[in-house]
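Welcome, and please open your viewer. We will go from one selection to the next, with a short note at each stop.

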Amino acid sequence: MFLVNETDAVLHPMARAAGDMPKLLGWNLPPEEQYLVHDHWKGFPAPPYYMHLMLAMIYLVLMTASMIGNGIVVWIFGTSKSLRNGSNMFIINLALFDLLMMCEMPMFLVNSFAERLVGYGTSCSVYAALGSMSGIGGAISNAVIAFDRYRTISNPLDGRLNRVQAGLLICLTWLWTLPFTLLPLFEIWGRYVPEGYLTTCSFDYLTDDQDTRVFVGCIFAWAYAIPMIFICYFYARLFGHVRQHEQMLKNQARKMNVESLAANRSEKSQAVEMRIAKAAFTIFFLFVCAWTPYAIVTMIGAFGDRTLLTPLVTMAPAVCCKIVSCLDPWVYAISHPKYRKELEQRLPWMGIKETDDSVSNTDSKKTIVSEQSPAAGDQ
């Protein structure tokens, strides 16, 4: 991309002083701050200034979208009486983690315009800690949302979590972020270092020693694999329950010699909880798209072929994470019926139209009970 022989750049580390060779990454950091830059990055040419400006513009758009989208989510779900329940507390919590990730973006903008890490080690630690807390928090929040959707739909009468139970789980999500945020922050285990174009920071996954490899393996399991296992388990149980329930309705309808037990049920009342579940599943899919590339990059850095990790390659997953943090609130704007209704009333300029079906969660529960009663009687 930069029309330079990167091998020559590695063989001649002083090439940045020569007029016919490009500057290398880290050229504008003072000697006392060079310890921050891993030797892997010092072999790559510094990107042209327009690349920094292009990324800065992308991040500016993402920051604006995140502030508006997640801000509206916190405002609507936090102030609407019809949305004040335990399940929706998890949505607010996820929006807060997404807003926390947005706090990195002003720092990135300053770094991009300066073509270096402004603030050096201190700002690098702050930037990476915000990213670690928001990323790990978003992952475990998705797992909690999957658990809540499974309980609510599989057991609609008493499966819904109350606000106290939801509050305890939310506290758990924040506690879950602390170990692998604080350990590298205080350099107890691992550390935060610049990566990519040296305008972003993350935990060190390039140092070639056993301690770093074990750290990377543990944070991979804690922040990615464990939440992913929980999410897959609860959504698999959820969809299995829905399939089993629909089959039960069909069998009962056959015994009663009717076309369907759901014939008198409106489509909207049937779909309220499933629409919310689909929204949650969509956000989980976005989480996979956002963090899987980053997980792959870190595992390659610790255990694989590091020559695959160019500055541009490692910057791409970071952009994906920011994009997903902006998309989360709009998924609910599309899929959550009561949220859409509130948006229609409070922010009519958004042009959202939600048909007033007068369906409440209680109505939904009564419908399910009425469907299950014939089956219970038949048994």
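Begin by selecting Trp41, Tyr59, Tyr205 and Tyr235: of the 73 residues in the largest nonpolar core, these touch the most other members. A nonpolar core here is a set of buried Ala, Val, Leu, Ile, Met, Phe, Trp, Tyr and Cys residues joined through side-chain atoms within 4.5 Å. Buried means under 20% relative accessible area, exposed over 50%, and partly exposed in between, with a 1.4 Å probe and protein chains only. Now colour helix 6 (residues 120–154), which gives the most to this core, with 13 residues. A second, separate core of twelve residues includes Ile76, Ile92, Ala95 and Leu343.

Some notes before moving on: this is a predicted model, in which local features need pLDDT of at least 70 and side-chain atom pairs count only at pLDDT 80 or more, while totals for chains, interfaces and linings use all residues. Residues are numbered from 1 along each chain as its sequence is written, and side-chain values use heavy atoms, leaving out hydrogens and water.

Zoom out to the chain, where you can find 13 helices and two strands. Helices (H or I, at least four residues) and strands (E, at least two) are DSSP runs, numbered from the N terminus. Of the 379 residues, 49% count as buried.

Next, select helix 3 (residues 49–79) together with helix 4. Their axes come within 9 Å and cross at roughly 155°; axes are lines fitted to C-alpha atoms, for helices over the stretch in contact, and angles run from 0 to 180 degrees between N-to-C directions. The two helices are therefore roughly antiparallel. For such labels, angles under 35 degrees count as roughly parallel, over 145 as roughly antiparallel, 65 to 115 as roughly perpendicular and the rest as oblique. Among the residues that meet are Met63, Met67 and Phe77 in helix 3 and Ile91, Leu99 and Met102 in helix 4.

Where does threonine 199 sit? Its place is the loop between strand 1 (192–195) and strand 2 (200–203). Threonine 199 is buried, with a relative accessible area of 0%. Not counting residues up to four places away in sequence, threonine 199 touches several residues, including His52, Phe108 and Met315, where contact means heavy atoms within 4.5 Å.
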